[in-house]
Amino acid sequence: MEYLGYRFKIIDKLFKIRMNKRLEKYNITEAQMCVLFYLDHHENEKITQKVLAQEFSIKHSTMSGILQRLEEKGYIEITVDEENKRFKNIRKTKQVQSFHDEMHHHRDETEKILLNGFNEEEKERLRTYLDRIYHNLMEHTDLSEEEMKCFERREK
């Protein structure tokens, strides 16, 4: 019997490969797209590199690399926070607007492919099962308070 964890890993990998292939023409990766979506959904908030690293549950240095590449491509601007010079504020640029709708389209198209052949009842059951698996892992995984905050934000 194949382990479910392995299936989740393979599905995640296929998902990322598919998204990365679709995003090649914009010269961005799935991880970079996720950051741009986050900035889009929080454009009226002050977003720092630290906030992004926590939100995506990755190391500060990893987020730094993602942001550096986005800045080099002209998709974001990074400025020093006037109130606290230790923080860097992150904002997307107008250049992102040129392919914003297409990025959303690719994400929606992939979602449709993921759920192809499922009726509405099956989709709802799948979401319920995935939520149950998520909560089982959350209950039985020793997380630090900081790690827990990342996942709590994602539940909403």
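I counted as a salt bridge a side-chain nitrogen of Lys or Arg within 4 Å of a carboxyl oxygen of Asp or Glu. The model is predicted, and I kept to its rules: local features need pLDDT of at least 70, side-chain atom pairs count only at pLDDT 80 or more, and totals for chains, interfaces and linings use all residues. Residues are numbered from 1 along each chain as its sequence is written, and side-chain values use heavy atoms, with hydrogens and water left out.

Entry on salt bridges. I found nine salt bridges in the structure. I looked up lysine 46 and aspartate 81, whose side chains meet in one of them at 3.1 Å, N to O. Lysine 46 lies in the loop between H2 and helix H3 (49-55) and aspartate 81 in the loop between strand E1 (76-80) and strand E2 (88-92), so this pair ties together parts 35 residues apart in sequence; helices (H or I, at least four residues) and strands (E, at least two) are DSSP runs, numbered from the N terminus. Aspartate 81 is buried at 3% relative accessibility, whereas lysine 46 is partly exposed at 45%; buried means under 20% relative accessible area, exposed over 50%, and partly exposed in between (1.4 Å probe, protein chains only).

Entry on helix H5. I noted that Phe99, His100, Met103, His104, His106 and Thr110 of H5 are buried. Seen down the axis of H5, these buried residues fall within an arc of 160 degrees, so they line one face of the helix; the arc is that of the directions from the helix axis to the C-beta atoms. On the face turned away from the buried side of H5, I found the exposed residues Asp101 and Lys112.
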